[in-house]
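Look over the sequence and the model before reading on.

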Amino acid sequence: MTNRQLATSAVAAAVGVLVAVAGVAGRTDLAVGGLGLLLAGVLVMLIDIRRRQGDIARRVRQVARRQALDSKRIGWLRSMPKNVKKEVKTALRPAVTSLGDTVDRAVGHIQAAGDGVSAGLAQERLAAAERHVRLTDDLGALAAGVSDVRADLGGVRTGVDDVRADLDGVRAGITEAKDGIVARIDESDQDDKRRQVSLRGQVSKLAYEPVRQIQALLQLVNRYDARAPLPPTGGWAMEPSTILHLVRMVEQTRPGLIVECGSGASSVWLAYAAEAYGGRLVSLEHDERFAEQTRQLLHEHGLTANTDVRSAPLTELKLGQETFQWYDTAAVGELDGIGLLLVDGPPRASGPRARYPAVPVLGPKLSVGARVVIDDVDRTEEQEAAEAWLAEFPGLEREGSSADRSATLIYRPA
Ligand SMILES: C[S@@+](CC[C@H](N)C(=O)[O-])C[C@H]1O[C@@H](n2cnc3c(N)ncnc32)[C@H](O)[C@@H]1O
């Protein structure tokens with residue numbers, strides 16, 4: 001019995017007890033009321049039982065339905081393996097197919113995506129390669145640009161160096177010009193000094209020089225029996241003192257061949273000196289008029305046998321880098337064994353260093369012990385010519401101090 005039934009039975013028992021007590025006690029109203037309550041309670045219980053029966057019947061039906069359904073299901077379940085397979089197959093095929101398609105599509109997508117990625121990668125690689133090429137080109141261009149800039153800088157540097165070199169050249173030129181000017185000033189100072197000394201000397205000489213020259217001339221005249229009037233000396237011609245120095249030298253050294261550059265009065269005296277021992281004189285003359293005049297003079301003195309006045313016009317002569325105006329060398333071609341070379345021409349007016357070529361041309365024809373006498377060494381140009389010969393021609397030495405206006409060199413080869 002449930003708690004509810006126990007409670008209901010207890011209430012019904014209590015009400016019955018009440019009815020019984022009321023009946024006993026004569027309380028009809030309470031008894032009737034109690035009875036009515038009991039009846040009502042019974043009615044309610046009947047209705048409840050009825051409702052419960054209905055519920056149970058419904059439940060039974062439901063259970064039966066369920067059982068029937070379950071039986072059906074059991075039967076279905078029993079037949080299921082076959083059907084299931086079939087149905088699964090049937091049901092799954094489209095799904096599998098669909099799944100396959102989906103997978104294929106997915107694979108397709110993946111492939112497409114892969115292809116896309118590959119294409120993208122390839123494109124990216126291509127683009128990267130192009131970028132690399134462009135970058136390389138740019139770098140090459142940059143390097144070329146840098147090289148160009150370097151080359152330009154080099155050019156600029158070279159330009160700067162050139163300008164520097166030019167400036168150095170200009171500076172050197174200025175220095176050279178300045179030195180030249182200073183040297184010229186010094187030179188001109190020295191020339192002035194030399195001129196002053198020379199003038200002083202000439203002035204002081206005036207007191208005794210004419211007498212000295214007369215004495216020298218007297219010695220010359222007394223030396224030889226002149227066969228005709230003697231030509232004037234001094235001025236354009238050599239001074240008697242120089243001629244005396246020369247003839248003494250000829251008498252002492254007896255040169256077989258005397259060569260004279262510049263004919264005139266000296267030619268007569270040299271010819272007389274050479275005639276005494278059988279020597280020969282060749283006189284080079286650039287001016288045909290004076291050549292003829294000297295020939296006539298020698299003829300008058302009966303000195304043609306041992307003399308030869310050669311017409312030798314001044315022609316261009318190249319010695320090293322310098323060009324001179326000197327006697328035509330055809331006139332001296334065969335001359336050899338010169339014992340005395342007298343340099344008294346060409347005239348200074350014929351060009352700079354006019355007398356310098358004498359030794360370069362005739363030096364190789366000098367005999368051992370030969371003398372070279374150059375006149376007019378009171379002039380700078382003749383002094384320089386003598387210095388140049390001494391420096392350039394091995395074997396030439398200065399002999400004694402300058403006599404009068406001449407200087408004597410001796411050829412003593414090693
Ligand atoms: C410095 S002179 C000396 C010539 C010669 N050695 C002498 O002492 O008589 C040089 C030149 O003067 C020229 N000359 C020669 N006889 C001359 C004369 N009677 N008057 C002017 N010049 C003359 C010749 O051209 C000669 O080459």
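Which helices and strands do the buried residues of H5 pack against? They pack against helix H4, strand E1 (257-261), helix H6 (265-275), strand E6 (338-343) and strand E7 (366-374). Keep in mind that this is a predicted model.

Start with the whole protein. It has 9 helices and 9 strands. Of its 414 residues, 22% count as buried. Now take the contacts with a separation of 6 or more: residues 24 or more positions apart account for 64% of them.

Next, zoom in on H5 itself, residues 240-253. Its 14 residues should span 20 Å at 1.5 Å a residue. The end C-alpha atoms of H5 are 20 Å apart, so expectation and model agree.

Which residues of H5 are buried? They are Pro-240, Ser-241, Thr-242, Ile-243, Leu-244, Leu-246, Val-247, Met-249 and Val-250. An α-helix has 3.6 residues a turn, so residues three or four places apart point the same way. Find Ile-243, Leu-246, Val-247 and Val-250 in the model: these H5 residues are among those that touch H6.

Turn to the partner H4, residues 209-223. H4 and H5 pack at an angle of about 40°, and their axes are 8 Å apart. The two helices are therefore oblique to each other. Their crossing is left-handed. On the H4 side, the contact uses Arg-212, Gln-213, Ala-216, Leu-217, Gln-219, Leu-220 and Arg-223. On the H5 side, it uses Pro-240, Ser-241, Ile-243, Leu-244 and Val-247. By type, the residues of this contact are 7 nonpolar, 3 polar and 2 charged.

Now look at the other helix partner, H6. How are H5 and H6 placed? They pack at an angle of about 25°, with axes 9 Å apart. An angle under 35 degrees counts as roughly parallel, so H5 is roughly parallel to H6. The crossing of H5 and H6 is right-handed. H5 brings Ile-243, Leu-246, Val-247, Val-250 and Glu-251 to the contact. H6 brings Ser-266, Trp-269, Leu-270, Ala-273 and Ala-274. These residues divide into 8 nonpolar, 1 polar and 1 charged.

Key: Residues are numbered from 1 along each chain as its sequence is written. This is a predicted model: local features need pLDDT of at least 70, side-chain atom pairs count only at pLDDT 80 or more; totals for chains, interfaces and linings use all residues. Axes are lines fitted to C-alpha atoms, for helices over the stretch in contact, and angles run from 0 to 180 degrees between N-to-C directions. Helices (H or I, at least four residues) and strands (E, at least two) are DSSP runs, numbered from the N terminus. Angles under 35 degrees count as roughly parallel, over 145 as roughly antiparallel, 65 to 115 as roughly perpendicular and the rest as oblique. A crossing is left-handed if the near helix is turned anticlockwise from the far one by less than a right angle, and right-handed if clockwise. Two residues are in contact if their C-beta atoms, placed from the backbone, lie within 7 Å. Ala, Val, Leu, Ile, Met, Phe, Trp, Tyr, Cys and Pro count as nonpolar, Asp, Glu, Lys and Arg as charged, and the others, Gly among them, as polar. A residue is buried if 20 or more other C-beta atoms lie within 10 Å of its own, exposed if 12 or fewer, and partly exposed in between; C-beta atoms are placed from the backbone. The expected span of a helix is 1.5 Å times one less than its number of residues.
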